[in-house]
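Q: Could you walk me through this one? I'm new to it.

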Amino acid sequence: MSEVVFLSNTNIQIASGSSASDGVKVSKLISSPLPEGAVLNGVVMDQEKLTEAIKLAWQANKLPKSEVTLIINSPQLRANRVDAPLLADKKTTEFIERETKDSEYGRFQNPVTGWYVVSKDAKAKTQRVVYETAEIDFVNKYVKIFASAGLKLKSIHNGVQLATEFFTKQAAGKTILYMILDGKSLVTIFFAEGKYYYDSTSRVFAQPGTPEFAREIYSSISSIRQFISAQHLTETVKDILFCGLTNSQVVQLANDILNIDSAADISLAQPPQGTTIAGGNQAQFPFFVYPISGLRKIDERLPILKNTKQSSKKKKTEGSVLGKLIIPFICVLAVVLVAYGLCFAYKTKKNAELKEYERYINDPNVIAQVNEYDKMYNNMVDMGRTQGGVDLLQQNLDTYPIPDSSVNNKILAAAKLHNVKVEFNSYSASTGVFSITASAPEVEDINIFIADLMAMDIFENVDYTGYSITEDGKRWEINVVCTLAARVTADSAESEKEVN
């Protein structure tokens, strides 16, 4: 029996149970409120509040204090999959270290990595591995928080990857999309013919049950379809299983999306085969996907907690070795002290010379000359500052962007190439920002048009938000904000040529 804790931005979810040969057995599901602002996207913002909330949840439900697994979804705990050769654990660890060093994970200052095996291919002599990387301080902070709450952490894992493995058996042979809503965070996991291909996390701003919410969900579905097209896959996304909503909310969502796309079949996610929940309360499953998936047994070869402890011991060992290396420096220090005695005698001699210089410096005639020089120097500094301000003002005037008709013409020309209709909404002279609305029958035409705008040197920045479909369902619209770039003057152009 073990306890799995998932920390969202709003509550603490706990699943008590154990793994089984064909799935998991859940004996208890608990949801406890989390103080506002205590945790944000898996990052601890208020350590004391979080510690107290965990302690109260355990006391109120009289839960065991050992064998606790923490599940979080956070950019501070990165997880990825890699196909590695079928090697011994030590060699596999070295292989993963090379992978993380050459990837975005190498940006961590003091990282620690753990990994576990999800599948093996004996014929190809390969294994699929999930590796998780975080800052050592990030991991140690959670260990300290749970220890302060009287609990002992057994392991820490990324929730999205555990959920992906949890649904793998249910998705076997199917092209299916899982959507997991946790507060405002929406995770999508895509399987094509039973093979995991892709997952992503996005923000949802509308409330469930509204048409705006349905449009945001459909936008995420469209993004997956664009991914399928980019990967040249022939599969079509039709079956969509949703977690994090009630059955009535899913029915409402399905009806709203049917008005947009009749090919999308949205239904409430059900527990994979082999998952049993005490009391037969299956309705709780869509809200506890992450902690329930954490009960499943995984082939954990190098837990991230274990590697964190090993890294700390390694640092202590390096510290003792460093102490031995200090002894030669002590000998050097003794030599330096002897040299210091000699230098002291030399200093006494120089002090006599210094007094002679001080008599010269304090001479009234010399002081008067220095004051005259300082006055002239300060006048020159003030004149330089004034001139610098004038030069800067002239530069700002020369480079201020001019929103003339040529800007509109370039936007319209780019739109015409891709069958995009453009409506100019507003222009702010103080910020240099154009606001336009672009529409087209095909979303990809709008994407290419926006890419063309980004490539234009007349714009410093191009941003776009809010894909929507017109009431007749024939055209897509998006709001585009273009910030004009500073004009290039003749002097700056000449300077750039000299640099190149």
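The chat below goes through cores, a helix, a strand and some charged pairs.

Q: What kind of model is this, and how are the residues numbered?
A: This is a predicted model, where local features need pLDDT of at least 70, side-chain atom pairs count only at pLDDT 80 or more, and totals for chains, interfaces and linings use all residues. Residues are numbered from 1 along each chain as its sequence is written, and side-chain values use heavy atoms, with hydrogens and water left out.

Q: How many residues are in the largest nonpolar core?
A: The largest nonpolar core has 52 residues. F242, F449, L453 and F459 have the most contacts inside it. Such a core is a set of buried Ala, Val, Leu, Ile, Met, Phe, Trp, Tyr and Cys residues joined through side-chain atoms within 4.5 Å. Buried means under 20% relative accessible area, exposed means over 50%, and partly exposed is in between (1.4 Å probe, protein chains only).

Q: Which helix gives the most to this core?
A: Helix α5, residues 211–230, with eight residues. Helices (H or I, at least four residues) and strands (E, at least two) are DSSP runs, numbered from the N terminus.

Q: What does F242 touch?
A: Leaving aside neighbours within four places in sequence, its contacts include M179, L181, F213, I217 and V250. Contact means heavy atoms within 4.5 Å.

Q: Back to α5. What is its reach?
A: Helix α5 has 20 residues and spans 29 Å from its first C-alpha to its last. That is close to the expected 28 Å, which is 1.5 Å times one less than the number of residues.

Q: Which of its residues are buried?
A: Among them are F213, A214, I217, Y218, I221, I224 and I228.

Q: Why would residues three or four places apart point the same way?
A: Because an α-helix has 3.6 residues a turn.

Q: What comes just after α5?
A: There, H232 takes a positive phi of about 60°.

Q: New topic. How many salt bridges are there?
A: Nine. A salt bridge is a side-chain nitrogen of Lys or Arg within 4 Å of a carboxyl oxygen of Asp or Glu.

Q: What does D261 pair with?
A: D261 pairs with R225, the closest N and O atoms being 2.5 Å apart. D261 sits in the loop between α6 (247–258) and β15 (265–268), and R225 sits in helix α5, 36 residues apart.

Q: Is D261 buried or exposed?
A: D261 counts as buried, because its relative accessibility is 11%. R225 is at 23%, so it counts as partly exposed.

Q: What about E67?
A: E67 forms a salt bridge with K154, with the closest N and O atoms 3.5 Å apart. The two are 87 residues apart, and K154 is in strand β10 (residues 153–158).

Q: Last one. How many disulfides?
A: Zero, with a disulfide being a pair of cysteine sulfur atoms within 2.5 Å.
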